[in-house]
Amino acid sequence: MSWAIDLRGTSYRYPDGAGALDGVDLRVGPGERVALLGPNGAGKTTLLLQLNGLLRGTGSATVAGLPVRDGVLRELRGRVGLVFQDPDDQLFMPTVAEDVAFGPLNLGLDRATVAARVAQALAAVRMSHAAARPPHVLSMGERRRVAIATVLSMRPQLLVLDEPSSSLDPRSRMELIDILSAIDATMLVATHDLPLAKELCERAVILDRGRIVADGPCAELLADAALLAAHDLMLPSGFDLSRITPREHPPAGSRASMPA
Amino acid sequence: MDACNHAPELTGVAGDPGSAVHRLDPRAKLLGLPAVSVVAVSAPLDAWPVFVICGAVLAGVATVARVSPVDAWRRARGPLLLVIPVAAVVPFVRAGGAHWSLGPLTVHAAGLVVLATVTIKATIGVAAGVLLTATTTFPDIVRGLEAMRAPRLLVLVATLMYRYLFVVADEVRRMGVALSARSGRPRSVLRSGVLGRLATALFLRSYARGERVHLAMLARGYDGALPRPYPLSLRRVDMAFVAVIASLLLPARVLAGIG
């Protein structure tokens, strides 16, 4: 089987010697939506940064069909769309349209194709009206959606999101879930938002102290209160998981999907 | 879609954003308007016809762009109020020509001429800059400079500075609020050690953000250049704008000599 993510024995230490990942084995199949759960400092962001070679640990890593090594990083980063936790880190160009065009232009696409992709990506996150706006005038929810558009325009095979629902009000959070559930791509979502994980992802992986400590169907893991408590994870007080209906995957080729 | 078409209320432009001047290629304005300033500043002290023509050109541009005198003054007063008070000292220290006593001070005619000239030159220079920024968004100015082959690093720094100025300003505001919430408002500069610590925290946060932004750029294939989706294109009207300014100013400036 060709895995979308195939990490074997991935370990990583920061330059100051602090260990962040300790022998992570993770395989994600094409089209899967996987929630990456874990307490603060578990190594979730470090793991995400391994996927497109921004950080390079030991062990073997094959992502979106490419081994993570020098020489293929440009192509790899075109296949792996990484959305950072803070949209202000992700949106660095003066206008929304220029930011969404940044990735495709770096892939060497011609301007007509880039313009079409920008329009499509902004439509997919319902932000077409903001194309000419500077990011700093947008609300946090809007910035988050534009941040997703900046990677959708590259038509990644794998969409990687770091805490996508942090700092969002309930309505923006719901809009975000609507948008993400309509995207036809393999997804790895690092989050503390357990209801979001249940709604969006069929599988969950719990990372703690740099190790994967649980891997299974999202509904089963989230129903295991002892497991969650052992790893500082918690559902909102009084929350009834059975009330959440997991979102269906969109049909391939649907409006918001981004086929390669 | 044209990236020049920014929402006007969000980008700092004034006047009518649909005016012929606003719609000019930023390169035309970057050549034409600073040229007015250079001509005025380089003219001799008594080159009054040059100053009149420069003023007329700027008034014409402001009229077409519908930049009101109030808007122009609001933007110009900062730099002008820095320059003119300094020039106001000149009539008292530059001797020459007739002179008059003003209490313990003496006012010299030659100094008054210098004051008048410096005031006019400063006003023309500042007005040219005001009209440039009132009719061109900062991102478009940067794009214009980039198209005019300004150093790539300068363009990158200016682009990111514009984007993150607002983010840093927000952080400063939040830190100020947090400080006030804990009654931490310093009452004098001498007790501003806390401000130093805030500045340090701000620097460290900005540095960390810089590293994260760099990672985000690399994640989308950054290789040292900022690719632009909408290239600028010079039209006849852009070239006509520069040509008209040049044809009005250059003869007058040449005739005025080197002073």
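In what order do the four strands of the open sheet with antiparallel pairing in chain A follow one another? In this predicted model, the order is β2-β1-β4-β5. The edges of this sheet are formed by β2 (19–28) and β5 (66–67) of chain A, each of which pairs on one side only. Strand β4 (residues 58–63) of chain A is joined to β5(A) in the antiparallel sense over two bridges. Within β5(A), A:Leu66 is the residue that stands opposite A:Val63.

Chain A also contains an open sheet of six strands, in the order β6-β7-β8-β3-β9-β10. The pairing in this sheet is mixed. Strands β6 (80–83) and β10 (211–217) of chain A stand at its edges; each has a single partner strand, so one side of each is left without a neighbour in the sheet. Strands of a sheet pair through backbone hydrogen bonds, in either the parallel or the antiparallel sense. Strand β7 (residues 158–162) and strand β8 (residues 186–190), both of chain A, pair in the parallel sense over five bridges. A:Val160 has A:Leu188 of β8(A) opposite. Helix α6 (residues 140–152) of chain A lies across β6 and β7 of chain A, and its direction is at about 165 degrees to β6(A).

In chain B, helix α2 (residues 48–65) packs with helix α5 (residues 109–135) at an angle of about 25 degrees, and their axes are 10 Å apart. As angles under 35 degrees count as roughly parallel, α2(B) and α5(B) are therefore roughly parallel to each other. The crossing of α2(B) with α5(B) is left-handed. On the side of α2(B), the contact is made by B:Phe51, B:Cys54, B:Gly55, B:Leu58, B:Val61, B:Ala62 and B:Ala65. The residues of α5(B) in this contact are B:Ile120, B:Ile124, B:Ala127, B:Ala128, B:Leu131, B:Ala134 and B:Thr135. By class, the residues of the contact of α2(B) with α5(B) comprise 12 nonpolar, two polar and no charged.

Between the two chains, 34 residues of chain A are in contact with 29 residues of chain B. Helices α7 (152–181) and α8 (193–219) of chain B each supply at least two residues of the side of chain B that touches chain A. The largest share of that side comes from α8(B), with eight residues. The side of chain B that touches chain A has 18 nonpolar, five polar and six charged residues.

Technical notes:
Residues numbered from 1 in each chain as written. Chains lettered and ligands numbered in written order. Predicted model: local features only at pLDDT ≥ 70, side-chain atom pairs only at ≥ 80, totals over all residues. Pairing = 2+ DSSP bridges. Contact = placed C-beta atoms within 7 Å. Axes fitted to C-alpha atoms, helices over the stretch in contact; angles between N-to-C directions. Nonpolar A, V, L, I, M, F, W, Y, C, P; charged D, E, K, R; others polar. Parallel < 35°, antiparallel > 145°, perpendicular 65-115°, else oblique. Left-handed = near helix turned anticlockwise from the far one by under 90°.
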